[in-house]
Amino acid sequence: MVGGEAAAAVEELISGVRQATDFAEQFRSYSESEKQWRARMEFILRHLPDYRDPPDGGGRLDQLLSLSMVWANHLFLGCSYNKDLLEKVMEMANGIEVEDLPQFTTRSELMKKHQS
């Protein structure tokens with residue numbers, strides 16, 4: 001019964017996605033908008049398998065959550081960070097679509113305008 005097996009596999013997949021989403025929900029900040037959280041949650045879920053804490057601890061999940069905040073803060077709040085760190089999080093976020101991002105003017109851009 002191929003149809004029944006396929007339906008069971010789809011149901012199992014959906015259940016797994018729900019569990020992962022429920023797990024990630026605990027890391028939502030009370031100050032995050034729905035748009036910010038959806039983007040950050042996608043970042044977290046995408047990399048969760050690579051950052052699961054080993055049985056002896058190690059803080060890999062904390063590292064992933066920190067990286068997700070760096071990415072979100074850069075994207076939505078205009079925060080700047082070390083070049084290597086920004087390159088890492090932007091690479092990790094490659095392919096995550098976020099619409100209507102705010103536009104920020106950097107200090108360097110402001111200085112150039114005043115010098116012109």
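Analyst: Let's start with R40, whose side chain makes a polar contact of 2.7 Å with the side chain of E32. A polar contact here is a pair of N or O atoms within 3.5 Å; within protein, one must be able to donate a hydrogen and the other to accept it, and residues adjacent in sequence count only if both atoms are side-chain atoms. Before going on, keep in mind that this is a predicted model, where local features need pLDDT of at least 70 and side-chain atom pairs count only at pLDDT 80 or more, while totals for chains, interfaces and linings use all residues. Residues are numbered from 1 along each chain as its sequence is written, and side-chain values use heavy atoms, with hydrogens and water left out.

Back to R40. It is found in helix α2, which covers residues 34–47. Helices are DSSP runs of H or I with at least four residues, strands are runs of E with at least two, and both are numbered from the N terminus. R40 counts as buried because its relative accessible area is 2%; the cut-off for buried is under 20%, exposed is over 50% and partly exposed lies in between, using a 1.4 Å probe and protein chains only.

So who sits around R40? Leaving out residues up to four places away in sequence, R40 touches F27, R28, S29, E32, L65, S68, M69, W71 and A72. Contact means heavy atoms within 4.5 Å. There is also I96, which is 56 residues from R40 in sequence, with the two C-alpha atoms 9.3 Å apart.

R40 is also part of the packing between α2 and α3. In general, two packed helices are described by the angle between their axes and the distance between the axes. For α2 and α3, the angle is about 145° and the axes are 10 Å apart; the axes are lines fitted to C-alpha atoms, for helices over the stretch in contact, and angles run from 0 to 180 degrees between N-to-C directions. From α2, the contact is made by K35, Q36, A39, R40, F43, I44 and H47. From α3, it is made by L64, L65, L67, S68, M69, W71, A72 and F76.

Stay on α3, which runs over residues 60–77, and you'll find N73 there. N73 has 19% relative accessibility, so it counts as buried. Setting aside neighbours within four places in sequence, N73 is in contact with G78, C79 and Y81.

Next comes α4, residues 83–92, where L86, V89 and M92 are buried. Seen down the axis of α4, these buried residues fall within an arc of 130°, so they line one face of the helix; that arc is taken from the directions from the helix axis to the C-beta atoms. What covers them includes α2 and α3. The face turned away from the buried side carries the exposed residues K83, D84 and E91. At the start of α4, a side-chain oxygen of N82 reaches to within 2.7 Å of the backbone nitrogen of D84.

One last stop is D100, in the loop between α4 and α5. D100 has a positive phi of about 55° although it is not a glycine, and at 67% relative accessible area it is exposed.

Zooming out, the protein chain has 5 helices and 0 strands, and 25% of its 116 residues count as buried.
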